[in-house]
Every structure is written in structure tokens, then in C-alpha cells.
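Hi,

Here is the structure I said I'd pass on.

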Amino acid sequence: MPEAVATGSTKPSADMRDKVVQIAGTFIATLAIDGTIDGSNWNEVVAGITSPQIVDVTRWYSALRIRTTAYTSGTATAWLGGINVLRS
């Protein structure tokens with residue numbers, strides 16, 4: 001998770017359904033969750049995250065990432081979880 005106004009690493013989510021993102025830590029910052037379908041164009045999925053929480057991501061995206069939109073101090077950590085869908 002960036003400790004500055006920046007974008008975090010991309011996490012694949014194409015094979016996941018029922019996705020959740022857990023935000024943890026002690027921080028004074030504003031975070032956003034971005035999603036992409038094509039891998040190039042990113043759209044904000046959830047905005048204005050300012051405290052630890054678990055966020056449901058109900059739509060399908062090929063990848064997700066966390067973006068720090070404002071930062072003062074502390075460290076935030078994020079985890080992506082979901083149910084993997086096996087392809088046949």
C-alpha cells in the first residue's frame with residue numbers, strides 16, 4: 001500500500017467471485033479501490049475509504065488495485081479475497 005499519494009500493485013481478480021477487500025492498519029489517508037476489465041483503463045469502484053474496513057466488490061473485474069488519494073501518516077494494508085471459480 002503506498003505511503004504517499006500513489007497507486008498500489010495490481011492484483012488479478014478475473015477468476016474470483018464474491019470478492020472482498022480488507023483494509024487494515026492505523027493511518028490518516030484516503031484510499032480508493034480501482035477496477036479494470038481490459039487491463040489498461042481503470043475506473044474507481046469504491047472511493048473515500050478513510051478507516052479500516054471490509055469492502056464487498058460485487059462486479060466482475062479482471063484486476064483490482066488500491067490507490068492512495070490523500071496521505072498524512074500511518075500505514076494501511078489491503079488484502080484481496082474471494083472464491084476462485086475454476087475454468088473448465
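R65 counts as buried at 18% relative accessibility, where buried means under 20% relative accessible area, exposed over 50% and partly exposed in between (1.4 Å probe, protein chains only). This is a predicted model, so local features need pLDDT of at least 70 and side-chain atom pairs pLDDT 80 or more, while totals for chains, interfaces and linings use all residues. Residues are numbered from 1 along each chain as its sequence is written, and side-chain values use heavy atoms, with hydrogens and water left out.

Back to R65: its partner in a salt bridge (a side-chain nitrogen of Lys or Arg within 4 Å of a carboxyl oxygen of Asp or Glu) is D34, with the closest N and O atoms 3.3 Å apart. D34 is buried too, at 2%. R65 also lies over the face of W42, 4.0 Å from the ring centre; the rule there is NZ of Lys or CZ of Arg within 6 Å of the ring centre and within 35 degrees of the ring normal.

R67, partly exposed at 22%, has two salt bridges to mention: one with D34 at 2.7 Å between the closest N and O atoms, and one with E44 at 2.8 Å. E44 is partly exposed, at 47% relative accessibility. Shared partners join D34, E44, R65 and R67 into one network. The whole structure has four salt bridges.

Cheers
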